[in-house]
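Biologist: I am new to this structure. Could you take me through it, one question at a time?

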Amino acid sequence: MCPRVNQAIFAVCCVFKVSCGIISNLVYSIHMSDHCYTIRKTARPPELHGLWNGPAWGETLFLNIGCFRPEGTSHRPFVRCKMLYDDSHFYGLFLVRDRYVRCVHTGYQASVYEDSCVELFVQPRPDKGYFNFEFNCGGALLASYVTDPARIDGQVAEAALLSLEEGRQVAVYGSLPSIIEPEMENEVTWLLEFSIPFALLQSYTGGIGKVEGQKWRGNLYKCGNKTSHPHWASWAPLSARNFHAPWDFGVLRFAP
């Protein structure tokens, strides 16, 4: 299906909010069925110390964030991510082998995408909006809930920033200092780990229920808009240089 058709269908859903789940599932099944990652349930919550091969993460399969947009420079960082879940939380761990690393944004809801940054966009229910969780390499967080991704003057049309109290519910570990300026030109490996409570997501989407066996939609990204070598990479390929593209999301399947 043509990406423009997908975008048009999503716009109709946002306006009428009728049969959106049916239409969204049709779009996903046609367009993104080849991008699926299975999230395993864990009995041992990760330590949030960036332990890629540690007790919680060692046997977990990873996905690659390697679909680079042509608008970027020749810089192609190596990026992987692992994800897990338990009854109450959703966990993720990014591993990035990078150069030209820059980090200047330190506050909550700062413009972290301008720094060396990794991002998770996730849509728990097909008839509701999606969340964007964006983390720079120093661990600063930008997070919102988007109900209309149409662009107006460069911004999404309808989005609610998560409050400071809600943001504090997202635990974050970043392996690099909170400030890196000037940027690090030599290669460095950094890790970013997060923990998101399902209750936080449900406060926006309504009931999610037991996630075992569910299929959510989402995408993962790597960027560095204001580094010396800007780049934009995704797990599921994008039809344009636009991360706010739910029609391009892949499938995140929660293993029973």
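Biologist: Which residue forms a salt bridge with D87?

Modeller: First, the ground rules: this is a predicted model, where local features need pLDDT of at least 70, side-chain atom pairs count only at pLDDT 80 or more, and totals for chains, interfaces and linings use all residues. Residues are numbered from 1 along each chain as its sequence is written, and side-chain values use heavy atoms, with hydrogens and water left out. A salt bridge needs a side-chain nitrogen of Lys or Arg within 4 Å of a carboxyl oxygen of Asp or Glu. For D87, the closest N and O atoms are 2.6 Å apart, and the partner is K41.

Biologist: How many residues apart in sequence are the parts that D87 and K41 tie together?

Modeller: D87 lies in the loop between β4 (78-85) and β5 (89-98), while K41 belongs to strand β1 (residues 36-41). Strands are DSSP runs (E, at least two residues), numbered from the N terminus. The pair therefore ties together parts separated by 46 residues.

Biologist: Is D87 buried or exposed?

Modeller: Buried means under 20% relative accessible area, exposed over 50%, and partly exposed in between (1.4 Å probe, protein chains only). K41, at 29%, counts as partly exposed. D87 has 63% relative accessibility, so it counts as exposed.

Biologist: Which residues join K41 in one network of salt bridges?

Modeller: The structure holds eight salt bridges. Some of them share partners. Those shared partners join K41 with D87 and E212.

Biologist: What is the relative accessibility of R69, which forms a salt bridge with E71?

Modeller: The closest N and O atoms of E71 and R69 are 3.0 Å apart. E71 is partly exposed, with a relative accessible area of 42%. R69 counts as buried, at 15%.

Biologist: Which residue meets R102 in a salt bridge?

Modeller: The N to O distance is 2.9 Å. This pair links distant parts of the chain, strand β6 (residues 101-103) and strand β12 (residues 180-184), 79 residues apart. The partner, from β12, is E181.

Biologist: Why is strand β14 described as largely enclosed by the rest of the structure?

Modeller: Strand β14 covers residues 215-223. The reason is burial: of its nine residues, the number buried is eight.

Biologist: What is the volume of the largest pocket?

Modeller: A pocket is an open set of points on a 1 Å grid over the protein atoms alone, where a 1.4 Å probe fits, with protein on both sides within 12 Å along at least five of seven lines. Its volume is the space filled by probe spheres set on the points, which are joined across faces, edges and corners. Here that gives about 580 Å³.

Biologist: Which strand supplies the largest share of the lining of the largest pocket?

Modeller: Lining residues have an atom within 4 Å of a point. The lining has 24 residues, with Y113, E134, R151, Q155 and H244 nearest the centre. β7, β8, β9 and β10 each supply at least two. The largest share, five residues, comes from β10.

Notes:
Helices (H or I, at least four residues) and strands (E, at least two) are DSSP runs, numbered from the N terminus.
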